[in-house]
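Q: I would like to learn how to read salt bridges from a set of atoms. Could you walk me through them?

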Amino acid sequence: MNFDVPADRRYQESHEWAHETDGVVRVGITDFAQDELGDVVFVELPDEGDDVSQNEEFGVVESIKAVSDLYAPVSGEVVAVNDDLFDAPELVNDDPFGDGWMLEIEPTDADELESLLTADDYEDQIA
């Protein structure tokens, strides 16, 4: 099965993606992750203003098949949360790299983003 792995993002082995724009890192889960989870029915996310640390849990995604922890790809302050997911968690399945994004982080260390997997590395992992 082929999964969408946009080349303009970085990835974690735990299947979160990170996309930096204008100094802010948008975070979500990958197409592979949403497929493995099945129908997402609930998402728990931090509040704006909360601090997150790289590789530390920041939330939970629950599907009809499993409950999975979510891990921050970078450290920093949460500057936006996708409130649409609270009423429509299925957006994670429908558009994991678009409308299904989860949060935005203002990173405290830009180098952390570079330590994540490239698209090619992530594709090798899920192959």
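A: Happy to! A salt bridge is a side-chain nitrogen of Lys or Arg within 4 Å of a carboxyl oxygen of Asp or Glu. Side chains of opposite charge can pair when their charged atoms come close. This is a predicted model, where local features need pLDDT of at least 70 and side-chain atom pairs count only at pLDDT 80 or more, while totals for chains, interfaces and linings use all residues. Residues are numbered from 1 along each chain as its sequence is written, and side-chain values use heavy atoms, leaving out hydrogens and water.

Q: How many salt bridges does this rule give?

A: The count is three.

Q: Which residue pairs with E114, and where do the two lie?

A: E114 meets R10 in a salt bridge, 2.8 Å from N to O. E114 lies in helix 4 (residues 111–114) and R10 in strand 1 (residues 10–11), so the pair ties together parts 104 residues apart in sequence. Helices (H or I, at least four residues) and strands (E, at least two) are DSSP runs, numbered from the N terminus.

Q: Are E114 and R10 buried or exposed?

A: Buried means under 20% relative accessible area, exposed over 50%, and partly exposed in between (1.4 Å probe, protein chains only). E114 is exposed at 52%, whereas R10 is buried at 17%.

Q: What does E104 pair with?

A: E104 forms a salt bridge with R26, at 2.7 Å from N to O. E104 sits in strand 9 (residues 103–107) and R26 in strand 3 (residues 24–29), so this pair links parts 78 residues apart in sequence. E104 is buried at 17%, and R26 is partly exposed at 29%.
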